[in-house]
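Dear colleague,

Please find below the structure that I am handing over to you, shown with its sequence. My findings follow directly after it.

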Amino acid sequence: MSPAERRPQIVEAARALFAEGGLGSVSMRNIARRVGITQAAIYQHFEDKEAILFAIAEEFFTRLMEDGMRRSLEVTDPVLRLKRGLRGYIEIGLARPDEYRLVFLTNIPGFKRRGMHRVPAGMEPSPVELTQGKIAYAFLADQVRDLVLAGLLRKGDPDVMAEAIWAAGHGVISLIITHVDFPWAREELIETQLRILFDGLLPDDSPARKRAQDISPKA
């Protein structure tokens with residue numbers, strides 16, 4: 001089997017093992033055994049579990065970007081486009097809870113979610129690899145910045161607004177996938193969260209406040 005074919009096999013095996021027992025209980029030896037290769041062989045593809053987790057994160061963000069681009073082509077209203085993008089993020093997170101826990105709810109010393117932060121004022125950004133996570137966040141941040149400049153969102157720091165939008169989506173996903181026994185009114189919760197968030201972001205005189213246009217649940 002070629003290296004290009006083996007890497008996805010390793011990632012899939014690791015994803016399953018992480019979901020079954022958590023990161024702490026899984027070793028590179030366990031992953032190699034699940035794949036059917038030697039422990040020495042797995043290191044030819046990944047240096048450690050952190051590298052495999054990063055590959056899982058990249059796959060997640062690739063799906064997120066593909067979904068976001070598809071949704072962006074379906075509507076012309078830029079505010080509605082941003083709303084639908086956030087709904088898509090929530091739907092993907094809920095549809096892939098194991099991956100979401102690994103990417104966003106797992107703390108690994110030294111694991112860097114590159115591109116998923118903004119650089120504080122006065123500090124020069126350090127060179128980073130252009131990752132799918134960085135591209136996905138930049139896509140969100142650029143949309144917000146353009147809407148603020150166009151007066152379609154209220155005045156404020158676009159970076160902070162982008163973080164607030166991301167935090168709102170993350171909060172919904174993380175609550176639902178971690179508190180599985182709570183009787184969530186899932187659809188109503190998502191729509192209410194999005195309505196409250198965007199009503200707060202819209203300028204007070206925005207015509208969008210008066211429109212009945214909302215997000216199609218499964219657009």
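Helix H4 supplies seven residues to the lining of the largest cavity, the largest share of any contributor. Please bear in mind that the model is a predicted one. In total, 22 residues line this cavity, and those nearest its centre are Leu64, Gly85, Tyr89, Ala136 and Leu140. Two or more lining residues come from each of helix H4 (49-72), helix H5 (78-95), helix H7 (132-149) and helix H8 (158-178). The space inside amounts to about 330 Å³, and the search of the whole structure returned two cavities of 30 Å³ or more.

H4 itself has 24 residues, and its first and last C-alpha atoms lie 35 Å apart, close to the 34 Å expected at 1.5 Å a residue. Its N-terminal end is capped by Asp48, which places a side-chain oxygen 3.2 Å from the backbone nitrogen of Glu50.

Two further residues deserve a description, one in H5 and one in H7.

Arg87 belongs to helix H5. Its relative accessibility is 1%, and the residue therefore counts as buried, the limit being under 20%. The side chain of Arg87 forms a polar contact of 2.9 Å with the side chain of Glu187.

Gln143 is part of helix H7. With a relative accessible area of 16%, Gln143 is under the 20% limit and so is buried as well. Once neighbours within four places in sequence are set aside, the contacts of Gln143 are with Arg81 and Leu82. Arg81 stands 62 residues away from Gln143 along the chain, yet their C-alpha atoms are separated by 9.1 Å.

As for the chain as a whole, it contains nine helices and zero strands, so that the order of elements from the N terminus reads α-α-α-α-α-α-α-α-α. The chain has 219 residues, 42% of which count as buried.

Yours sincerely

Methods
Residues numbered from 1 in each chain as written. Predicted model: local features only at pLDDT ≥ 70, side-chain atom pairs only at ≥ 80, totals over all residues. Heavy atoms only, no water. 1 Å grid on protein atoms, 1.4 Å probe; cavity = no way out; pocket = protein on both sides within 12 Å on 5 of 7 lines; lining within 4 Å. Points joined across faces, edges and corners; volume = space filled by probe spheres on them. Helix = DSSP H or I, 4+ residues; strand = E, 2+ residues; numbered from the N terminus. Buried < 20%, exposed > 50% of the residue type's maximum accessible area, 1.4 Å probe, protein only. Contact = heavy atoms within 4.5 Å. Expected span 1.5 Å × (residues − 1). Polar contact = N/O pair within 3.5 Å; in protein donor to acceptor, adjacent residues only side chain to side chain.
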